[in-house]
Amino acid sequence: MYECEICGKKADTVYRIMIDSAEMLVCRSCASGKKVLQELSESKPAQATREKKRADSADEVIADYGGEIRKARERMNIPINVLAEMLNEKESTLHRVESGKMLPSIGLTAKLEKELGIKLTSKADEKANAEMHGKEEPITLGDAAVQKKKENGR
Ligand SMILES: [Zn+2]
């Protein structure tokens, strides 16, 4: 909830306007007729962005896929050539994947996950969550600026 800096009314949406070269966050009625620099709303636009992201981005292979594969393989005591046979892949391919020189294909990733019982992909969902945290920053900064302005006004 925002508070209008002119009339003190609480509002979900406030407008950043310029009055005598000072920026103020005000309610809709106080903003009418003024030049609005920015509209700040508490209805979460990030939610929509997140849903869109989830819909059109696939799972992504984790950064340390090679290390995870090697650790799992060693834990299960499977030599790399045996694993290659199990997966019907070239041993050299697995070497390159394990050393992080080659990103496994979607098919190989799925086979590795199944055979080794590990997770090599991170959901796009988690990534979107991380990005959402990043998006909260400007609101915090905005609030801090408002606080500062209020203190200066005293
Ligand atoms: Zn107002």
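Q: Where is D20 found?

A: Look at the loop between β3 and β4: D20 is found there. Before we go on, this is a predicted model, where local features need pLDDT of at least 70, side-chain atom pairs count only at pLDDT 80 or more, and totals for chains, interfaces and linings use all residues. Residues are numbered from 1 along each chain as its sequence is written.

Q: Is D20 buried or exposed?

A: The idea is to count other C-beta atoms (placed from the backbone) within 10 Å of a residue's own: 20 or more means buried, 12 or fewer means exposed, and in between is partly exposed. D20 is exposed because it has 5 such atoms within 10 Å. A110, in helix α6 (residues 106-116), is partly exposed, with 14 other C-beta atoms within 10 Å.

Q: What is the phi of D20?

A: Phi is near 50°, a positive value in a residue other than glycine. D20 sits in the turn of the hairpin that β3 and β4 form, with 2 residues between the strands. N77 lies in the loop between α3 (65-75) and α4, and counts as exposed because it has 7 C-beta neighbours inside 10 Å.

Q: In what order do the strands of the open sheet come?

A: The 3 strands come in the order β4-β3-β5, with antiparallel pairing. β4 and β5 stand at the edges with a single partner strand each, so one side of each has no neighbour in the sheet. From one strand to the next, the twist averages 20°. β3 and β5 pair over 5 bridges, and R16 stands opposite Q38 in β5. Strand β5 (residues 36-41) is hardly covered: of its 6 residues, the count of buried ones is 0.

Q: Which residues make up the largest nonpolar core?

A: A nonpolar core is a set of buried Ala, Val, Leu, Ile, Met, Phe, Trp, Tyr and Cys residues joined through C-beta atoms within 7 Å. The largest one has 11 residues: Y2, A11, V14, Y15, I17, M24, L25, V26, C27, C30 and A31. β3, β4 and α1 (28-31) each supply at least two residues of this core. A second, separate core has 8 residues, including Y65, L83, V97 and L116.

Q: At roughly what angle do the axes of α4 and α5 cross?

A: Two packed helices are described by the angle between their axes and the distance between the axes. Axes are lines fitted to C-alpha atoms, for helices over the stretch in contact, and angles run from 0 to 180 degrees between N-to-C directions. Helix α4 (residues 80-87) and helix α5 (residues 91-98) cross at roughly 110°, their axes coming within 8 Å. They're therefore roughly perpendicular to each other (the range for that is 65 to 115 degrees; under 35 is roughly parallel, over 145 roughly antiparallel, and the rest oblique).

Technical notes. Helices (H or I, at least four residues) and strands (E, at least two) are DSSP runs, numbered from the N terminus. Two strands pair if DSSP finds at least two bridges between them.
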